[in-house]
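Hi,

Here is the structure I promised to pass on.

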Amino acid sequence: MDIQLPQILFQVVNFGVVMGALTYLLYKPVQKALDDRAHRIAEGQAAAEAAMAEKDALESQKRKLERDNDKKVAELIEQATKKAQAQKQEILAKAKAEAQQEVEKLKEQWLIEKQQLKQDMRQELVETVMSVTEKVIGQKLTDKTDSKLIADELSRLMK
Amino acid sequence: MAEVIITTAHSLADADKILVEKFVAQRFSIKPTLKLQVDPKVIGGIKIQYGTEEIDATVAAKLNSVKQQLLKG
């Protein structure tokens, strides 16, 4: 087998031409397409990461708002509880005072009624005693004893 | 002559009338004319009225006084 140098040179030049043509016509557009794709992927990834970051920020803000809301709700509940407790105490105190006042009033009324009853009983007793006394004295007092009584009274009045 | 009203539970005997007349004359410094009234409600004793003055020495008045004292308690 003979080595034919011109043939080899032709083949080398031919290969170089083909390689140059391929490089110019195929490799560069494909490389550009690949670069564009990689760029788009990188942009998409960055956008996704930004979106994730925004999502995290929003979630963090949401949690903060929820915590603030929970705190506010707890404060409102505490305030309402304190207010209700104060109102309860006030109502109880008022009711107690009113009840006490009513008891005092009833006690006073009872004492008045008791006093009145006592007075009525005393009056009735005195009336009865005096009535009986008047009858007894009236029956016992004769003209003679009455005459002596008058004389004694006049004598006493003269002094 | 000044009129003096005398109220008693029983009619006055003459001796009592004299006694009363003497008392009234001395007490009020007058020469009285006695107007005698009998009222059983006075029970006993004597009530003398001269003008606006009144001496109540009746049993009813004394009992009433006692009654008031008892009621005051």
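Below is what turned up, starting with the ground rules, then the interface, then chain B.

This is a predicted model, so local features need pLDDT of at least 70 and side-chain atom pairs count only at pLDDT 80 or more, while totals for chains, interfaces and linings use all residues. Residues are numbered from 1 along each chain as its sequence is written, chains are lettered from A and ligands numbered from 1 in the order in which they are written, and side-chain values use heavy atoms, with hydrogens and water left out.

**Where A meets B**

On the chain A side, 23 residues are in contact with 25 residues of chain B (contact being heavy atoms within 4.5 Å). The two chains bury about 2100 Å² between them, and 72% of that is on carbon and sulfur atoms. Buried area here is the accessible area (1.4 Å probe) that two parts lose on being put together, summed over both.

As for charges, the rule finds two salt bridges across the interface of chain A and chain B (a side-chain nitrogen of Lys or Arg within 4 Å of a carboxyl oxygen of Asp or Glu). B:Lys67 and A:Glu127 meet in a salt bridge through their side chains, at 3.2 Å from N to O.

Which elements of chain A give two or more residues to the side that touches chain B? They are α1 (5-140) and α2 (143-158), and α2(A) has the largest share with 11 residues. Helices and strands are DSSP runs numbered from the N terminus (helices H or I, at least four residues; strands E, at least two).

**Inside chain B**

Chain B has two helices and four strands, which run β-α-β-β-β-α from the N terminus on. Of its 73 residues, 40% count as buried (under 20% relative accessible area; exposed is over 50%, partly exposed in between, with a 1.4 Å probe and protein chains only). Among the contacts in chain B with a separation of 6 or more, 62% come from residues 24 or more positions apart.

The count over all chains is one aromatic pair (ring centres of Phe, Tyr or Trp, the last by its six-membered ring, within 6.5 Å; planes under 30 degrees apart are stacked, over 60 edge-to-face, the rest tilted). That pair is B:Phe28 with B:Tyr50, tilted, at 5.0 Å centre to centre and 45 degrees between the planes. It links helix α1 (residues 14-28) to strand β3 (residues 45-50) of chain B, the two residues being 22 apart. B:Phe28 is buried at 12% relative accessible area, whereas B:Tyr50 is partly exposed at 24%.

Cheers
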